[in-house]
Amino acid sequence: MAWVSSARKRSPWLLHYETGGCNGCAIEFVAALTPLYDLERFGMLNTGNPKHADILVVTGCVNARSGRVLRNLYEQMSEPKVVVAVGVCACTGGIFHDGYNLAPGADKVVPVDLYLPNCAARPEAIIDALLTAADLLAETRRRDQHAHQRAPDQQG
Amino acid sequence: MKRRTVIPFGPQHVVFPEPIQFRLILEEERVVDAIPALGYMHRGIEQLATVKDFTKTLYLAERICGICSVMHTLAYAQAIEELMGIEVPPRAKYLRTIWAELGRLQSHLLWMGLAADAIGYESLFMQTWRAREVVLEMIEFTEGSRIMTGSITIGGTKRDLHAESLEFLLHKLEHLEQALNDIYPVFSDDPLIKQRTVGVGLLSKADAIKLGAVGPTARGSGIAEDMRLLGYAAYGELDFQPVVETSCDSYGRMLVRVKECFQSIELIRKAIAKLPPGEVLVKVKGRPEGEVIMRIEQPRGELLYYLKAGGDKSLARWRIRTPTLSNLPPLVHMVKGARLADVPLITLSIDTCIACVER
């Protein structure tokens, strides 16, 4: 069913969740949707409903409270799904990494496919990451491999 | 008594770029009470500051909030300078003012876009953010980066503006003013926007004083309060009056922000015209000791820092009170009695910045 994966690649819907951090990457993500950068020309649409979304965009460092929400959102998304960690805080915890209530990186809570370290991530970089994520969506075989890798992770 | 329902509003919601939760207690469609639930973005910055070197805490201050990063570095640098008795060169004070006003411009334009989006006016959202990109271009050209600029430091500024940059700024300000002139009548006169905002989220002047509203929320209720009148940085030498609206509703608060964009443009022009020559950075030696309170005007209102240092390499205490925290009690007051469908817009009307509140 080549046409299905081709269609997936051209209309990935995004779910954005800010887990903490300073908001800078979140604002740059919204800026990437607006006329100068215009993510919508790639068929991407920002949605608020996890059931509609294909790509989960995580910005900011994950703390004890938002980690639960993030996990919850991730589990509600239907397969295939790709997780993009935008900004150095989502990748490793960044400047806040030794904070007393933080998980060092979003990958401690959900499996992350793409890392975009930057402070703050520029809209061009975000577009690049999301286009790569759209390619991953189309790779069905890789997705099956991921499902195996994810299994032990999801128990924790 | 009617049957009551509790609806969790947030933490993940399309209206907010950031997570906050309100537990709304409803009687049919009317909100009777709202309980804010915080902590989704807590990072423990105040604790980190007691471990890190005080010069490195500057970068931590910048990352309290990505929208008003310049304001936080400005407040932190001013507080440390007051503790250590450092006199900042006059040129640096003017540069700080220019960058602070650019920060205010982009923050207000961002808010205007989000408000238009919450109303459902998608094309206005896009137009406002198009205008915002002009401001970000100016910030990037003069400060080197879009969000985290690191241009203000303890003892002055890290960068200087040359004649070429000033010319670029003036040229771009004209572009921006044209774009704002197009946007302004839509915000002030459009029937769609008026229907959604006039009389929604009422906060009387007496309530605003009693509940401690700050910034555009207070100015939208007829209180002429603006921390810039304290005259920090170069504001004492630039003649200006705070923008005040007396309609006490979401519409008034919106107009305050739109008009403040024009005010910021004027302030930048005045600062460029008066920009004195000279150095921009003095050397800093020693360690801070003592206590200080620093208040500055953020785009969202009064920002208050309390710093305590005991002559060590890190601070003993750093208390941050941000404008959105002060504006939460007025918000809970405004939401009571409103319809459920109006809650997103009322919440936005105080310009919530959760990253600031939870630190």
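Author: Here are the terms, each set against its cut-off.

Author: This is a predicted model, where local features need pLDDT of at least 70 and side-chain atom pairs count only at pLDDT 80 or more, while totals for chains, interfaces and linings use all residues. Residues are numbered from 1 along each chain as its sequence is written, chains are lettered from A and ligands numbered from 1 in the order written, and side-chain values use heavy atoms, with hydrogens and water left out.

Reader: How do you know how many disulfides there are over all chains?

Author: A disulfide is a pair of cysteine sulfur atoms within 2.5 Å. By that rule the count over all chains is zero.

Reader: What rules out a bond for A:Cys22?

Author: Its closest cysteine sulfur belongs to A:Cys119 and is 6.0 Å away, too far for a bond.

Reader: And what rules out a bond for B:Cys261?

Author: The closest cysteine sulfur, in B:Cys68, is 15 Å off, so a bond is ruled out.

Reader: Is B:Cys261 buried or exposed?

Author: Buried means under 20% relative accessible area, exposed over 50%, and partly exposed in between (1.4 Å probe, protein chains only). B:Cys261 has 0%, so it is buried. A:Cys22 has 11% and therefore also counts as buried.

Reader: Why is B:Ser107 called buried?

Author: Its relative accessibility is 0%, so the label is buried. B:Ser107 is found in helix α4 (residues 90–119) of chain B. Helices here are DSSP runs (H or I, at least four residues), strands likewise (E, at least two), numbered from the N terminus.

Reader: Which residues is B:Ser107 in contact with?

Author: Contact means heavy atoms within 4.5 Å. Leaving aside neighbours within four places in sequence, the partners of B:Ser107 are B:Ile67, B:Pro299, B:Arg300 and B:Asp351.

Reader: What makes B:Asp351 and B:Arg300 a salt bridge?

Author: The rule asks for a side-chain nitrogen of Lys or Arg within 4 Å of a carboxyl oxygen of Asp or Glu. Here the N to O distance is 3.4 Å, and the pair is a salt bridge. B:Asp351 lies in the loop between α12 (343–349) and α13 (354–358) of chain B, and B:Arg300 in the loop between β6 and β7 (301–310), so the pair ties together parts 51 residues apart in sequence. B:Asp351, at 3% relative accessibility, counts as buried. B:Arg300, at 1%, is buried too.

Reader: How far apart are N and O in the salt bridge of B:Glu81 and B:Arg96?

Author: The distance is 2.7 Å. B:Glu81 sits in helix α3 (residues 69–84) and B:Arg96 in helix α4, both of chain B, 15 residues apart. B:Glu81 has a relative accessible area of 5%, so it is buried. B:Arg96 has 2% and is therefore buried.

Reader: How many salt bridges does the structure hold over all chains?

Author: There are 28. Between chain B and chain A the count is two. B:Glu140 and A:Arg122 form a salt bridge, with the closest N and O atoms 2.8 Å apart.

Reader: Which helix of chain B gives the most to the side that touches chain A?

Author: It is α5(B), with seven residues.

Reader: How much area is buried between chain B and chain A?

Author: About 3200 Å², with carbon and sulfur atoms giving 63%. Buried area is the accessible area (1.4 Å probe) that two parts lose on being put together, summed over both. The contact takes 39 residues from chain B and 41 from chain A.
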